[in-house]
Amino acid sequence: MRSSSDILHAMQQVQRTSLAREVYSELLGAIVHGVLAPGERIRDVELAAKLGVSRTPVREALLRLQDEGLVESVPGSYIRIAPVDVEAVTHLGAHLEAASH
């Protein structure tokens, strides 16, 4: 049987994941709509402050965007918006539109 602390821990993870998903959607939208331009360097601290969240959901969203090829990073150096693959961005933009409805 799970303890109440195990259950509480699981609930916190769900909330954090949901927040990371919201941050991901915001960043994806900014990339798709050109607010964040290809080659532009970004800082997780600044993004977190702008979005009103901690750095953790921002980092999680950036990792997902990196996995999708939309963000490039060099640990300890920089994070930047990847060069545009028009087909990939169009596909992700359609996905973003569908998710918002």
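Modeller: With strand pairing: two strands count as paired if DSSP finds at least two bridges between them. The model is a predicted one. Here Ser73 stands opposite Ile79 in S3.

Colleague: How many bridges join S2 to S3?

Modeller: In general, strands of a sheet pair through backbone hydrogen bonds, either parallel or antiparallel. In this case S2 and S3 run antiparallel and are joined by 4 bridges. Their hairpin has 3 residues between the strands, and Gly76 there takes a positive phi near 75 degrees.

Colleague: What is the order of the strands in the sheet?

Modeller: The sheet is open, with 3 strands in the order S1-S3-S2 and antiparallel pairing. S1 and S2 stand at the edges with a single partner strand each, so one side of each has no neighbour in the sheet. Between S1 and S3, also antiparallel, there are 2 bridges. Arg41 has Arg80 in S3 as its bridge partner.

Colleague: Which helix lies across S1, S2 and S3?

Modeller: That is helix H3, residues 55–67, which runs at about 110 degrees to S2.

Colleague: Next, charged pairs. Which side chain meets Arg55 in a salt bridge?

Modeller: The general idea is that side chains of opposite charge can pair when their charged atoms come close. The cut-off used is 4 Å from a side-chain nitrogen of Lys or Arg to a carboxyl oxygen of Asp or Glu. By this rule the count is 5 salt bridges. In one of them Arg55 meets Asp44, at 3.3 Å from N to O. This pair links distant parts of the chain, with Arg55 in helix H3 and Asp44 in helix H2, 11 residues apart.

Colleague: Which elements each supply at least two residues of the lining of the largest pocket?

Modeller: They are strand S1 (41–42), helix H2 (44–51), strand S2 (71–74) and strand S3 (78–81). The lining includes Arg41, Asp44, Ser73, Gly76 and Ile79. By class it has 6 nonpolar, 3 polar and 3 charged residues. The space in the largest pocket is about 170 Å³.

Note on methods. Residues are numbered from 1 along each chain as its sequence is written. This is a predicted model: local features need pLDDT of at least 70, side-chain atom pairs count only at pLDDT 80 or more; totals for chains, interfaces and linings use all residues. Side-chain values use heavy atoms; hydrogens and water are left out. On a 1 Å grid over the protein atoms alone, a cavity is a set of points where a 1.4 Å probe fits but cannot get out, and a pocket is an open set with protein on both sides within 12 Å along at least five of seven lines; lining residues have an atom within 4 Å of a point. Grid points are joined across faces, edges and corners, and a volume is the space filled by probe spheres set on the points. Ala, Val, Leu, Ile, Met, Phe, Trp, Tyr, Cys and Pro count as nonpolar, Asp, Glu, Lys and Arg as charged, and the others, Gly among them, as polar. Contact means heavy atoms within 4.5 Å. Axes are lines fitted to C-alpha atoms, for helices over the stretch in contact, and angles run from 0 to 180 degrees between N-to-C directions.
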